[in-house]
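The points below are meant for a colleague who is meeting this structure for the first time. Please read them with the sequence and the model open side by side.

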Amino acid sequence: MLRNRLILTLIYTIVLFIVNANFFRWTRKQNRYNAKGKVLFLISTIGAVLLSFVCLFFLNFGAYLTIEGATVKGFLVHESIEDYAVPLAISFLFGAAFSGFHLYKSRQETKVKEQKVIAGAATAQFDALKSQLDPHFLFNSLNVLNSLIEENPEAAQKFTTLLSKVYRYVLEQKSKELVSVEEELDYAKIYMSLVRMRFENSIIFEVAQDINFEAKVVPCSLQLLLENAIKHNQITQDSPLTVKIFQQGNNLVVTNNFKPKAVIKHSTGVGLVNIKQRYALLTERKVEVEKTEAKFSVKIPLLTKRIKMEQIQEDYIDNKRYAKAKKRVEDLKGFYGNLTAYIVVIPFLVWIYYITNSGFPWIVFPVVGWGIGVVMHGMSVYDYHPFMSKNLDRAKAKKIRDFYANLTAYILVIPFLAWINYTTSAGFPWIVFPVVGWGIGVIIHGMEAYNYHPILGKDWEERKLKELMKKDNPNKL
(Lines give C-alpha, C1' and ligand atoms only; values in the text may rest on other atoms or scores of the structure.)
Protein backbone atom coordinates (compact mmCIF):
# COMPACT_ATOMS: atom_id res chain seq x y z
CA MET A 1 0.00 0.00 0.00
CA LEU A 2 2.82 2.41 0.90
CA ARG A 3 4.55 1.51 -2.35
CA ASN A 4 1.46 2.30 -4.44
CA ARG A 5 0.95 5.56 -2.55
CA LEU A 6 4.50 6.70 -3.23
CA ILE A 7 4.18 5.82 -6.91
CA LEU A 8 0.89 7.71 -7.22
CA THR A 9 2.35 10.74 -5.44
CA LEU A 10 5.28 10.77 -7.85
CA ILE A 11 3.02 10.50 -10.91
CA TYR A 12 0.66 13.22 -9.64
CA THR A 13 3.59 15.56 -8.89
CA ILE A 14 5.26 15.09 -12.30
CA VAL A 15 2.06 15.51 -14.32
CA LEU A 16 0.90 18.60 -12.40
CA PHE A 17 4.36 20.15 -12.64
CA ILE A 18 4.65 19.62 -16.40
CA VAL A 19 1.15 20.93 -17.14
CA ASN A 20 1.42 24.03 -14.95
CA ALA A 21 5.00 24.82 -16.03
CA ASN A 22 4.03 24.80 -19.70
CA PHE A 23 0.92 26.84 -18.95
CA PHE A 24 2.90 29.52 -17.09
CA ARG A 25 5.44 29.60 -19.94
CA TRP A 26 2.56 30.23 -22.35
CA THR A 27 1.11 33.07 -20.26
CA ARG A 28 4.48 34.82 -20.07
CA LYS A 29 4.69 34.80 -23.86
CA GLN A 30 1.50 36.84 -24.02
CA ASN A 31 3.57 39.92 -23.17
CA ARG A 32 4.51 40.11 -26.84
CA TYR A 33 0.84 40.89 -27.51
CA ASN A 34 0.90 43.72 -24.93
CA ALA A 35 -1.51 41.97 -22.57
CA LYS A 36 -2.01 43.89 -19.32
CA GLY A 37 -0.23 42.62 -16.23
CA LYS A 38 -3.39 42.23 -14.15
CA VAL A 39 -5.08 40.29 -16.95
CA LEU A 40 -2.11 37.92 -17.16
CA PHE A 41 -2.15 37.55 -13.38
CA LEU A 42 -5.82 36.50 -13.38
CA ILE A 43 -5.36 34.19 -16.37
CA SER A 44 -2.33 32.53 -14.78
CA THR A 45 -3.91 32.06 -11.36
CA ILE A 46 -7.38 30.92 -12.46
CA GLY A 47 -5.93 28.87 -15.33
CA ALA A 48 -3.59 27.04 -12.95
CA VAL A 49 -6.53 26.06 -10.73
CA LEU A 50 -8.67 24.88 -13.66
CA LEU A 51 -5.85 22.91 -15.28
CA SER A 52 -4.95 21.31 -11.95
CA PHE A 53 -8.59 20.31 -11.47
CA VAL A 54 -8.74 18.66 -14.91
CA CYS A 55 -5.43 16.86 -14.35
CA LEU A 56 -6.49 15.64 -10.89
CA PHE A 57 -9.80 14.38 -12.27
CA PHE A 58 -8.14 12.27 -14.97
CA LEU A 59 -5.38 11.10 -12.64
CA ASN A 60 -7.94 9.97 -10.08
CA PHE A 61 -9.89 8.28 -12.86
CA GLY A 62 -6.80 6.37 -14.02
CA ALA A 63 -5.89 5.41 -10.45
CA TYR A 64 -9.35 4.04 -9.68
CA LEU A 65 -9.44 2.02 -12.89
CA THR A 66 -5.96 0.51 -12.48
CA ILE A 67 -5.66 0.08 -8.70
CA GLU A 68 -9.22 -0.16 -7.38
CA GLY A 69 -10.64 -1.83 -10.49
CA ALA A 70 -13.69 0.44 -10.38
CA THR A 71 -15.98 1.21 -13.30
CA VAL A 72 -16.59 4.64 -14.80
CA LYS A 73 -19.97 4.86 -13.11
CA GLY A 74 -18.51 3.80 -9.77
CA PHE A 75 -15.79 6.43 -10.08
CA LEU A 76 -18.26 9.21 -10.81
CA VAL A 77 -20.44 8.18 -7.88
CA HIS A 78 -17.46 7.99 -5.54
CA GLU A 79 -15.93 11.36 -6.52
CA SER A 80 -16.83 14.52 -4.59
CA ILE A 81 -15.73 18.12 -4.83
CA GLU A 82 -14.34 17.96 -1.28
CA ASP A 83 -11.59 15.62 -2.51
CA TYR A 84 -10.23 18.44 -4.66
CA ALA A 85 -10.43 21.27 -2.14
CA VAL A 86 -6.95 20.96 -0.60
CA PRO A 87 -5.02 20.30 -3.87
CA LEU A 88 -6.80 23.16 -5.63
CA ALA A 89 -6.15 25.53 -2.72
CA ILE A 90 -2.45 24.67 -2.91
CA SER A 91 -2.51 25.15 -6.68
CA PHE A 92 -4.20 28.54 -6.24
CA LEU A 93 -1.58 29.71 -3.74
CA PHE A 94 1.33 28.61 -5.91
CA GLY A 95 -0.27 30.07 -9.04
CA ALA A 96 -0.95 33.41 -7.33
CA ALA A 97 2.59 33.58 -5.93
CA PHE A 98 4.19 32.71 -9.27
CA SER A 99 1.98 35.10 -11.25
CA GLY A 100 2.45 37.88 -8.71
CA PHE A 101 6.22 37.55 -8.89
CA HIS A 102 6.24 37.78 -12.69
CA LEU A 103 3.78 40.69 -12.61
CA TYR A 104 6.12 42.58 -10.25
CA LYS A 105 9.14 41.67 -12.38
CA SER A 106 7.38 42.80 -15.56
CA ARG A 107 6.48 46.18 -14.04
CA GLN A 108 10.04 46.74 -12.85
CA GLU A 109 11.37 45.95 -16.33
CA THR A 110 8.85 48.39 -17.82
CA LYS A 111 10.07 51.17 -15.47
CA VAL A 112 13.68 50.49 -16.46
CA LYS A 113 12.77 50.66 -20.16
CA GLU A 114 10.96 53.98 -19.62
CA GLN A 115 14.02 55.45 -17.90
CA LYS A 116 16.20 54.27 -20.78
CA VAL A 117 13.91 55.98 -23.28
CA ILE A 118 13.91 59.23 -21.28
CA ALA A 119 17.70 59.23 -20.89
CA GLY A 120 18.20 58.32 -24.55
CA ALA A 121 15.87 61.08 -25.74
CA ALA A 122 17.59 63.70 -23.57
CA THR A 123 21.03 62.61 -24.80
CA ALA A 124 19.92 62.65 -28.42
CA GLN A 125 18.39 66.10 -28.02
CA PHE A 126 21.54 67.44 -26.35
CA ASP A 127 23.75 65.98 -29.11
CA ALA A 128 21.51 67.53 -31.75
CA LEU A 129 21.90 70.97 -30.13
CA LYS A 130 25.69 70.58 -29.90
CA SER A 131 25.87 69.60 -33.59
CA GLN A 132 24.43 73.02 -34.50
CA LEU A 133 27.64 74.73 -33.32
CA ASP A 134 29.90 73.58 -36.15
CA PRO A 135 28.04 74.94 -39.19
CA HIS A 136 26.96 78.05 -37.30
CA PHE A 137 30.48 79.01 -36.24
CA LEU A 138 32.07 78.06 -39.56
CA PHE A 139 29.52 80.03 -41.58
CA ASN A 140 30.14 83.26 -39.62
CA SER A 141 33.93 82.82 -39.57
CA LEU A 142 34.06 82.39 -43.34
CA ASN A 143 32.09 85.61 -43.74
CA VAL A 144 34.67 87.44 -41.61
CA LEU A 145 37.55 85.86 -43.58
CA ASN A 146 35.92 86.84 -46.86
CA SER A 147 35.79 90.47 -45.72
CA LEU A 148 39.43 90.45 -44.58
CA ILE A 149 40.68 89.01 -47.87
CA GLU A 150 39.37 92.09 -49.64
CA GLU A 151 40.39 94.63 -47.00
CA ASN A 152 43.69 93.24 -45.66
CA PRO A 153 45.19 90.05 -47.21
CA GLU A 154 48.02 89.91 -44.65
CA ALA A 155 45.54 90.02 -41.78
CA ALA A 156 43.50 87.36 -43.57
CA GLN A 157 46.50 85.00 -43.39
CA LYS A 158 46.88 85.56 -39.65
CA PHE A 159 43.14 85.16 -39.28
CA THR A 160 43.31 81.78 -41.01
CA THR A 161 46.00 80.58 -38.56
CA LEU A 162 43.97 81.66 -35.55
CA LEU A 163 40.82 80.25 -37.08
CA SER A 164 42.38 76.80 -37.25
CA LYS A 165 43.14 76.97 -33.50
CA VAL A 166 39.63 78.13 -32.71
CA TYR A 167 38.03 75.45 -34.83
CA ARG A 168 40.24 72.81 -33.23
CA TYR A 169 38.78 73.84 -29.88
CA VAL A 170 35.25 73.53 -31.25
CA LEU A 171 35.97 70.00 -32.50
CA GLU A 172 37.62 68.98 -29.22
CA GLN A 173 34.87 70.33 -26.97
CA LYS A 174 31.75 69.54 -28.98
CA SER A 175 31.58 66.00 -27.60
CA LYS A 176 31.63 67.31 -24.01
CA GLU A 177 28.63 68.42 -22.03
CA LEU A 178 30.61 70.78 -19.79
CA VAL A 179 33.98 72.54 -19.90
CA SER A 180 35.80 74.64 -17.32
CA VAL A 181 35.43 78.41 -17.29
CA GLU A 182 39.18 78.71 -17.72
CA GLU A 183 39.10 76.76 -20.99
CA GLU A 184 36.09 78.70 -22.23
CA LEU A 185 37.66 82.09 -21.42
CA ASP A 186 40.91 81.16 -23.19
CA TYR A 187 38.87 80.21 -26.23
CA ALA A 188 36.86 83.45 -25.98
CA LYS A 189 40.09 85.51 -25.95
CA ILE A 190 41.36 83.78 -29.10
CA TYR A 191 38.00 84.32 -30.74
CA MET A 192 38.01 88.04 -29.85
CA SER A 193 41.53 88.29 -31.29
CA LEU A 194 40.06 87.12 -34.57
CA VAL A 195 37.27 89.66 -34.33
CA ARG A 196 39.69 92.52 -33.57
CA MET A 197 41.60 91.73 -36.75
CA ARG A 198 38.54 92.85 -38.60
CA PHE A 199 37.21 95.64 -36.37
CA GLU A 200 40.59 96.73 -34.92
CA ASN A 201 40.02 99.24 -32.11
CA SER A 202 36.27 99.28 -32.51
CA ILE A 203 35.83 96.53 -29.90
CA ILE A 204 36.84 96.65 -26.23
CA PHE A 205 36.98 93.28 -24.48
CA GLU A 206 37.45 93.00 -20.72
CA VAL A 207 37.58 89.87 -18.50
CA ALA A 208 37.48 90.13 -14.70
CA GLN A 209 40.07 88.23 -12.68
CA ASP A 210 37.90 87.30 -9.67
CA ILE A 211 36.15 84.43 -11.47
CA ASN A 212 35.85 80.82 -10.37
CA PHE A 213 37.92 79.33 -13.19
CA GLU A 214 37.23 75.77 -11.99
CA ALA A 215 33.46 76.10 -12.47
CA LYS A 216 31.74 74.57 -15.50
CA VAL A 217 29.76 75.99 -18.41
CA VAL A 218 28.45 74.48 -21.64
CA PRO A 219 31.01 74.45 -24.49
CA CYS A 220 31.22 77.43 -26.85
CA SER A 221 28.63 79.37 -24.83
CA LEU A 222 30.84 82.46 -24.48
CA GLN A 223 31.73 82.43 -28.17
CA LEU A 224 28.02 82.32 -29.10
CA LEU A 225 27.25 85.24 -26.78
CA LEU A 226 30.17 87.30 -28.12
CA GLU A 227 29.12 86.52 -31.66
CA ASN A 228 25.56 87.52 -30.79
CA ALA A 229 26.76 90.91 -29.47
CA ILE A 230 28.86 91.57 -32.60
CA LYS A 231 26.05 90.56 -34.93
CA HIS A 232 23.30 92.73 -33.44
CA ASN A 233 25.17 95.94 -32.54
CA GLN A 234 26.70 98.85 -34.41
CA ILE A 235 30.52 98.79 -34.24
CA THR A 236 32.51 101.92 -35.10
CA GLN A 237 35.68 103.60 -33.82
CA ASP A 238 33.66 106.55 -32.62
CA SER A 239 31.22 104.29 -30.79
CA PRO A 240 33.07 101.06 -29.96
CA LEU A 241 31.39 97.88 -28.70
CA THR A 242 32.40 97.21 -25.11
CA VAL A 243 32.05 93.61 -23.93
CA LYS A 244 32.71 92.60 -20.32
CA ILE A 245 32.77 89.18 -18.69
CA PHE A 246 32.59 88.86 -14.91
CA GLN A 247 31.12 86.67 -12.19
CA GLN A 248 28.01 87.66 -10.27
CA GLY A 249 27.04 85.18 -7.58
CA ASN A 250 26.72 81.74 -9.18
CA ASN A 251 26.44 83.16 -12.67
CA LEU A 252 28.90 84.20 -15.33
CA VAL A 253 27.76 87.48 -16.87
CA VAL A 254 28.45 88.64 -20.44
CA THR A 255 27.38 92.25 -20.90
CA ASN A 256 27.76 94.81 -23.68
CA ASN A 257 26.62 98.34 -24.45
CA PHE A 258 23.44 98.13 -26.51
CA LYS A 259 23.49 99.92 -29.88
CA PRO A 260 21.28 97.86 -32.18
CA LYS A 261 21.77 97.97 -35.89
CA ALA A 262 19.14 99.70 -37.95
CA VAL A 263 18.78 96.68 -40.23
CA ILE A 264 19.49 93.21 -38.86
CA LYS A 265 19.81 90.18 -41.09
CA HIS A 266 17.53 87.24 -40.47
CA SER A 267 18.72 85.26 -37.42
CA THR A 268 19.05 81.48 -37.52
CA GLY A 269 18.07 81.34 -33.85
CA VAL A 270 21.02 79.17 -32.95
CA GLY A 271 23.02 81.40 -30.57
CA LEU A 272 21.12 82.41 -27.45
CA VAL A 273 18.33 79.87 -27.97
CA ASN A 274 20.90 77.09 -28.30
CA ILE A 275 22.50 78.02 -24.97
CA LYS A 276 19.13 78.14 -23.20
CA GLN A 277 18.09 74.75 -24.56
CA ARG A 278 21.36 73.07 -23.63
CA TYR A 279 21.26 74.45 -20.09
CA ALA A 280 17.62 73.34 -19.77
CA LEU A 281 18.73 69.76 -20.42
CA LEU A 282 21.50 69.96 -17.86
CA THR A 283 20.14 71.94 -14.90
CA GLU A 284 17.00 73.56 -13.52
CA ARG A 285 18.77 76.91 -13.27
CA LYS A 286 17.77 79.33 -16.01
CA VAL A 287 19.81 81.44 -18.41
CA GLU A 288 18.82 85.04 -17.59
CA VAL A 289 18.65 87.85 -20.16
CA GLU A 290 18.51 91.50 -19.11
CA LYS A 291 17.92 94.18 -21.71
CA THR A 292 17.77 97.95 -21.23
CA GLU A 293 18.11 100.88 -23.59
CA ALA A 294 21.85 101.12 -22.85
CA LYS A 295 22.92 97.59 -21.92
CA PHE A 296 22.35 93.97 -22.89
CA SER A 297 23.41 91.24 -20.41
CA VAL A 298 23.21 87.47 -20.33
CA LYS A 299 23.78 85.44 -17.17
CA ILE A 300 24.73 81.80 -17.62
CA PRO A 301 24.80 79.44 -14.60
CA LEU A 302 28.16 78.34 -13.23
CA LEU A 303 27.88 74.65 -12.47
CA THR A 304 30.18 73.66 -9.64
CA LYS A 305 28.56 70.24 -9.06
CA ARG A 306 27.76 67.39 -11.38
CA ILE A 307 25.03 68.38 -13.77
CA LYS A 308 21.61 66.77 -13.65
CA MET A 309 21.83 64.66 -16.77
CA GLU A 310 25.37 63.46 -16.01
CA GLN A 311 24.30 62.55 -12.51
CA ILE A 312 21.18 60.75 -13.72
CA GLN A 313 23.14 58.78 -16.29
CA GLU A 314 25.97 57.93 -13.89
CA ASP A 315 23.53 57.00 -11.11
CA TYR A 316 21.58 54.88 -13.55
CA ILE A 317 24.74 53.08 -14.69
CA ASP A 318 25.90 52.63 -11.09
CA ASN A 319 22.50 51.27 -10.08
CA LYS A 320 22.55 48.87 -13.01
CA ARG A 321 26.03 47.69 -12.07
CA TYR A 322 25.00 47.29 -8.44
CA ALA A 323 21.83 45.43 -9.38
CA LYS A 324 23.80 43.15 -11.69
CA ALA A 325 26.44 42.48 -9.03
CA LYS A 326 23.77 41.92 -6.37
CA LYS A 327 21.90 39.48 -8.61
CA ARG A 328 25.15 37.65 -9.26
CA VAL A 329 25.81 37.36 -5.51
CA GLU A 330 22.23 36.20 -4.88
CA ASP A 331 22.55 33.60 -7.65
CA LEU A 332 25.80 32.29 -6.16
CA LYS A 333 24.27 32.21 -2.67
CA GLY A 334 21.25 30.35 -4.02
CA PHE A 335 23.38 27.77 -5.82
CA TYR A 336 25.73 27.11 -2.89
CA GLY A 337 22.75 26.96 -0.54
CA ASN A 338 21.13 24.40 -2.83
CA LEU A 339 24.37 22.41 -3.05
CA THR A 340 24.88 22.52 0.73
CA ALA A 341 21.32 21.35 1.37
CA TYR A 342 21.81 18.49 -1.10
CA ILE A 343 25.03 17.38 0.60
CA VAL A 344 23.42 17.52 4.07
CA VAL A 345 19.94 16.16 3.33
CA ILE A 346 20.71 13.29 0.92
CA PRO A 347 22.82 11.28 3.44
CA PHE A 348 19.99 11.70 5.96
CA LEU A 349 17.47 10.35 3.44
CA VAL A 350 19.80 7.47 2.61
CA TRP A 351 19.98 6.63 6.32
CA ILE A 352 16.17 6.69 6.59
CA TYR A 353 15.89 4.43 3.55
CA TYR A 354 18.45 2.05 5.03
CA ILE A 355 16.78 1.67 8.45
CA THR A 356 13.23 1.41 7.07
CA ASN A 357 14.16 -1.09 4.34
CA SER A 358 10.83 -0.56 2.55
CA GLY A 359 11.93 -2.59 -0.47
CA PHE A 360 10.98 0.16 -2.90
CA PRO A 361 14.06 2.17 -3.99
CA TRP A 362 12.47 5.55 -3.46
CA ILE A 363 15.84 7.07 -2.53
CA VAL A 364 16.77 7.07 -6.19
CA PHE A 365 14.28 9.82 -6.96
CA PRO A 366 15.63 12.54 -4.61
CA VAL A 367 19.25 11.57 -5.28
CA VAL A 368 18.91 11.68 -9.07
CA GLY A 369 16.18 14.33 -9.40
CA TRP A 370 17.63 16.78 -6.90
CA GLY A 371 21.14 16.06 -8.19
CA ILE A 372 20.11 16.98 -11.73
CA GLY A 373 18.55 20.16 -10.37
CA VAL A 374 21.78 21.10 -8.59
CA VAL A 375 23.83 20.50 -11.75
CA MET A 376 21.43 22.58 -13.86
CA HIS A 377 21.45 25.30 -11.22
CA GLY A 378 25.25 25.48 -11.29
CA MET A 379 25.38 25.57 -15.08
CA SER A 380 22.87 28.42 -15.09
CA VAL A 381 24.74 30.43 -12.43
CA TYR A 382 28.13 30.01 -14.12
CA ASP A 383 26.64 30.53 -17.59
CA TYR A 384 27.91 27.22 -18.92
CA HIS A 385 26.35 24.63 -21.15
CA PRO A 386 28.17 21.84 -23.04
CA PHE A 387 26.04 22.33 -26.17
CA MET A 388 26.07 26.13 -26.42
CA SER A 389 28.56 28.79 -27.40
CA LYS A 390 29.15 31.64 -24.93
CA ASN A 391 28.84 34.12 -27.81
CA LEU A 392 25.11 33.48 -28.08
CA ASP A 393 22.65 36.24 -27.30
CA ARG A 394 21.63 36.04 -23.62
CA ALA A 395 17.91 35.64 -24.32
CA LYS A 396 18.49 32.96 -26.96
CA ALA A 397 20.99 31.18 -24.70
CA LYS A 398 18.40 31.05 -21.91
CA LYS A 399 15.81 29.53 -24.27
CA ILE A 400 18.27 26.85 -25.41
CA ARG A 401 19.40 26.16 -21.84
CA ASP A 402 15.79 25.74 -20.69
CA PHE A 403 15.15 23.37 -23.58
CA TYR A 404 18.11 21.15 -22.71
CA ALA A 405 17.03 21.12 -19.05
CA ASN A 406 13.58 19.97 -20.17
CA LEU A 407 15.08 17.36 -22.52
CA THR A 408 17.46 16.05 -19.84
CA ALA A 409 14.62 15.69 -17.34
CA TYR A 410 12.57 13.85 -19.98
CA ILE A 411 15.39 11.41 -20.77
CA LEU A 412 16.03 10.65 -17.09
CA VAL A 413 12.47 10.59 -15.72
CA ILE A 414 10.67 8.62 -18.46
CA PRO A 415 12.70 5.40 -17.90
CA PHE A 416 11.81 5.51 -14.19
CA LEU A 417 8.15 5.95 -15.02
CA ALA A 418 8.34 3.08 -17.50
CA TRP A 419 9.91 0.87 -14.82
CA ILE A 420 7.18 1.83 -12.35
CA ASN A 421 4.49 1.05 -14.93
CA TYR A 422 6.06 -2.35 -15.64
CA THR A 423 6.44 -3.38 -11.99
CA THR A 424 3.08 -2.13 -10.68
CA SER A 425 0.47 -2.29 -13.44
CA ALA A 426 1.81 -3.94 -16.57
CA GLY A 427 -1.73 -4.55 -17.79
CA PHE A 428 -2.52 -0.84 -18.12
CA PRO A 429 0.08 1.15 -20.17
CA TRP A 430 -0.44 4.50 -18.50
CA ILE A 431 3.20 5.32 -19.33
CA VAL A 432 2.01 6.25 -22.82
CA PHE A 433 0.46 9.48 -21.55
CA PRO A 434 3.62 11.10 -20.07
CA VAL A 435 5.81 9.70 -22.86
CA VAL A 436 3.66 11.16 -25.64
CA GLY A 437 2.41 14.30 -23.86
CA TRP A 438 5.75 15.34 -22.40
CA GLY A 439 7.54 14.29 -25.60
CA ILE A 440 5.38 16.59 -27.71
CA GLY A 441 6.09 19.38 -25.26
CA VAL A 442 9.85 18.81 -25.56
CA ILE A 443 9.67 18.89 -29.37
CA ILE A 444 7.68 22.15 -29.37
CA HIS A 445 10.09 23.61 -26.81
CA GLY A 446 13.06 22.72 -29.03
CA MET A 447 11.45 24.24 -32.12
CA GLU A 448 10.83 27.44 -30.18
CA ALA A 449 14.37 27.56 -28.73
CA TYR A 450 16.00 27.13 -32.16
CA ASN A 451 13.40 29.30 -33.94
CA TYR A 452 12.42 26.49 -36.29
CA HIS A 453 9.09 25.75 -37.95
CA PRO A 454 8.51 22.53 -39.93
CA ILE A 455 6.68 24.41 -42.70
CA LEU A 456 8.12 27.94 -42.58
CA GLY A 457 11.70 26.78 -41.98
CA LYS A 458 14.51 27.99 -39.70
CA ASP A 459 14.63 31.61 -38.48
CA TRP A 460 11.24 32.21 -40.06
CA GLU A 461 10.26 34.75 -37.40
CA GLU A 462 13.34 36.91 -38.03
CA ARG A 463 12.87 36.69 -41.80
CA LYS A 464 9.22 37.70 -41.48
CA LEU A 465 10.13 40.70 -39.31
CA LYS A 466 12.68 41.90 -41.88
CA GLU A 467 10.13 41.43 -44.66
CA LEU A 468 7.50 43.49 -42.83
CA MET A 469 10.04 46.22 -41.94
CA LYS A 470 11.13 46.43 -45.57
CA LYS A 471 7.50 46.62 -46.67
CA ASP A 472 6.84 49.51 -44.25
CA ASN A 473 9.97 51.36 -45.43
CA PRO A 474 10.58 50.45 -49.11
CA ASN A 475 12.95 53.42 -49.66
CA LYS A 476 15.50 52.12 -47.16
CA LEU A 477 18.32 50.18 -48.78
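1. Helices (H or I, at least four residues) and strands (E, at least two) are DSSP runs, numbered from the N terminus. On that basis the secondary structure of the protein chain comprises 14 helices and nine strands. Residue numbers count from 1 along each chain as its sequence is written, and side-chain values rest on heavy atoms, with hydrogens and water left out. The model is a predicted one, in which local features need pLDDT of at least 70 and side-chain atom pairs count only at pLDDT 80 or more, while totals for chains, interfaces and linings use all residues.

2. Confidence deserves attention before any detail. With pLDDT being the predictor's confidence in each residue, from 0 to 100, the protein chain has a mean of 76, and 75% of its residues reach 70 or more. Confidence is lowest in strand S9 (residues 457–458), where the mean is 62, and highest in strand S5 (residues 251–257), where it is 94.

3. Some totals describe the chain as a whole. Of its 477 residues, 34% are buried, a term that stands for under 20% relative accessible area, with exposed meaning over 50% and partly exposed in between (1.4 Å probe, protein chains only). The accessible surface of the protein chain is about 29800 Å², and 63% of that surface belongs to carbon and sulfur atoms; such areas come from the Shrake-Rupley method with a 1.4 Å probe, and for residues only the protein chains shown count as cover. Where contact means heavy atoms within 4.5 Å, 72% of the contacts between residues at least 6 apart in sequence join residues at least 24 apart.

4. Valine 144 is found in helix H5 (residues 133–151), and it counts as buried because its relative accessible area is 18%. Setting aside residues up to four places away in sequence, valine 144 touches Phe159 and Arg198.

5. Where does valine 179 lie? Valine 179 belongs to strand S1 (residues 179–180), and it is classed as buried because its relative accessible area is 1%. Not counting residues up to four places away in sequence, valine 179 touches several residues, among them Tyr169, Gln173, Glu184, Val217 and Pro219. Its C-alpha atom and that of serine 221, which is 42 residues away along the chain, are separated by 10.0 Å.

6. Cysteine 220 sits in the loop between strand S3 (216–217) and helix H8, and its phi is near 65 degrees, a positive value in a residue other than glycine. A search of the whole structure for disulfides (pairs of cysteine sulfur atoms within 2.5 Å) finds zero of them.

7. Helix H8 (residues 221–232) contains alanine 229, a residue that is buried because its relative accessible area is 5%. Apart from residues up to four places away in sequence, alanine 229 touches Leu241 and Asn256. The C-alpha atoms of alanine 229 and threonine 242, which are 13 residues apart along the chain, are separated by 9.5 Å.

8. Methionine 376 lies in helix H11 (residues 364–381), and, leaving aside its neighbours within four places in sequence, methionine 376 is in contact with Tyr404, Ala405 and Thr408. Between methionine 376 and tyrosine 404 there are 9.6 Å from C-alpha to C-alpha, although the two are 28 residues apart in sequence.

9. The aromatic side chains close this note. Rings of Phe, Tyr and Trp (its six-membered ring) pair if their centres lie within 6.5 Å, and by this rule there are eight aromatic pairs. Phe335, Tyr336 and Tyr382 form one aromatic cluster. Arginine 328 lies over the face of tyrosine 382, at 5.4 Å from the ring centre; for such a charge over a ring, NZ of Lys or CZ of Arg must be within 6 Å of the ring centre and within 35 degrees of the ring normal.

Technical notes. Phe/Tyr/Trp six-rings, centres within 6.5 Å; stacked < 30°, edge-to-face > 60°.
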